[in-house]
Amino acid sequence: MRLLLVSDMHYRLRQYDWVYDAAPDADVVVIAGDLLDIRSAVPLPAQAAAVSAQIGRIGERGVLLAASGNHDLDERDAANEKFAGWLQRVRSPGLHVDGESLLIDTTLFTICPWWDGPSGRQQLAERLVADAARDKQRWVWIYHSPPRGSPLSWDGRRDFGDDDLAGWIARFRPDLVLSGHIHQAPFVDAGG
């Protein structure tokens, strides 16, 4: 299976065009969070509309799995926790998003949302328990943040990883976790 993994596109529409062009060469395209950019001058609803159109186009070309990241949260749920409501509304036959699990051949993909509090965390934990019981040969998670303590979560000064993810990996033992989130190269002190 050929995977194309991207993340942290932060509303850079030309990058979505590149993914659209590259999508036919992959069996599965994965966007591991931060599709939008909370620091942009463009309001989140406008970004969400533009990115929804872009990922909808990509999903028409094949299988697209999109997980939310910390920049994608635009609404509050019944527990008053933030979530990516806009992403829930773009779901289509070729486009799978937060909270969905998809079996492709013998590989189960679990799309993990960026959670904002105990309710969202519990919902994700329940999804992982349910998916652990499913029949599969391989299990792949899409999760925006890498686990705390991994080399991918360290920028040389601070660990930006997710504590809960590290625990879930130890408990459930997925075959692969696809993530993004860390933009900074590790800081190296040149000794001067």
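**Talking through the chain**

Q: To start with, what share of the 192 residues in the chain is buried?
A: Buried residues make up 47% of the 192 residues, and please keep in mind throughout that this is a predicted model.

Q: How many helices and strands does the chain have?
A: The secondary structure comes to five helices and ten strands. The radius of gyration is 16 Å, close to the 16 Å that the globule rule gives for 192 residues, so the chain is as compact as a globular protein of that length.

Q: What box do the C-alpha atoms fill?
A: Taken along the principal axes, the box is roughly 50 × 45 × 40 Å. Among contacts between residues at least 6 apart in sequence, 68% join residues at least 24 apart.

Q: And how much accessible surface is there?
A: The accessible surface of the chain comes to about 9700 Å², and 51% of that belongs to carbon and sulfur atoms.

Q: Switching to charges, how many positive and negative side chains are there?
A: There are 20 positive and 27 negative side chains, with the centres of the two sets lying 1 Å apart.

Q: How many salt bridges turn up in the whole structure?
A: A search of the whole structure finds seven salt bridges. One of them joins the side chains of Glu-75 and Arg-89, at 2.7 Å from N to O. That pair links distant parts of the chain, with Glu-75 in strand 4 and Arg-89, 14 residues apart from it, in the loop between helix 3 and strand 6.

Q: Which residue forms a salt bridge with Asp-164?
A: Asp-164 pairs with Arg-121, and their closest N and O atoms are 2.8 Å apart. Because Asp-164 lies in helix 5 and Arg-121 in helix 4, the pair ties together parts that are 43 residues apart in sequence. Asp-164 is partly exposed, with a relative accessible area of 22%, and Arg-121 also counts as partly exposed, at 27%.

Q: Which side chain does Asp-163 meet in a salt bridge?
A: Asp-163 meets Arg-148, at 2.7 Å from N to O. Asp-163 is in helix 5, whereas Arg-148 sits 15 residues apart from it in the loop between strand 9 and helix 5. Arg-148 is partly exposed, with a relative accessible area of 37%.

Q: What else touches Arg-148? Where does Asp-159 lie, for instance?
A: Asp-159 lies in the loop between strand 9 (138–142) and helix 5 (163–172). Not counting residues up to four places away in sequence, Asp-159 touches Arg-148, Gly-149, Ser-153 and Trp-154.

Q: Why does Asp-159 count as buried?
A: Its relative accessible area is 16%, and buried means under 20%.

Q: How far is Asp-159 from Trp-139?
A: They are 20 residues apart in sequence and 26 Å apart in space, C-alpha to C-alpha.

Q: What is Asp-37 in contact with, then?
A: Leaving aside neighbours within four places in sequence, Asp-37 is in contact with His-10, Tyr-11, Leu-44, Gln-47 and His-71.

Note on methods: Residues numbered from 1 in each chain as written. Predicted model: local features only at pLDDT ≥ 70, side-chain atom pairs only at ≥ 80, totals over all residues. Heavy atoms only, no water. Contact = heavy atoms within 4.5 Å. Helix = DSSP H or I, 4+ residues; strand = E, 2+ residues; numbered from the N terminus. Rg over C-alpha atoms; globule rule 2.2 N^0.38 Å. Buried < 20%, exposed > 50% of the residue type's maximum accessible area, 1.4 Å probe, protein only. Areas by Shrake-Rupley, 256 points an atom, 1.4 Å probe, with all protein chains shown as cover. Lys, Arg positive; Asp, Glu negative; His and termini not counted. Charge placed at Lys NZ, Arg CZ, Asp CG, Glu CD. Salt bridge = Lys/Arg side-chain N within 4 Å of Asp/Glu carboxyl O.
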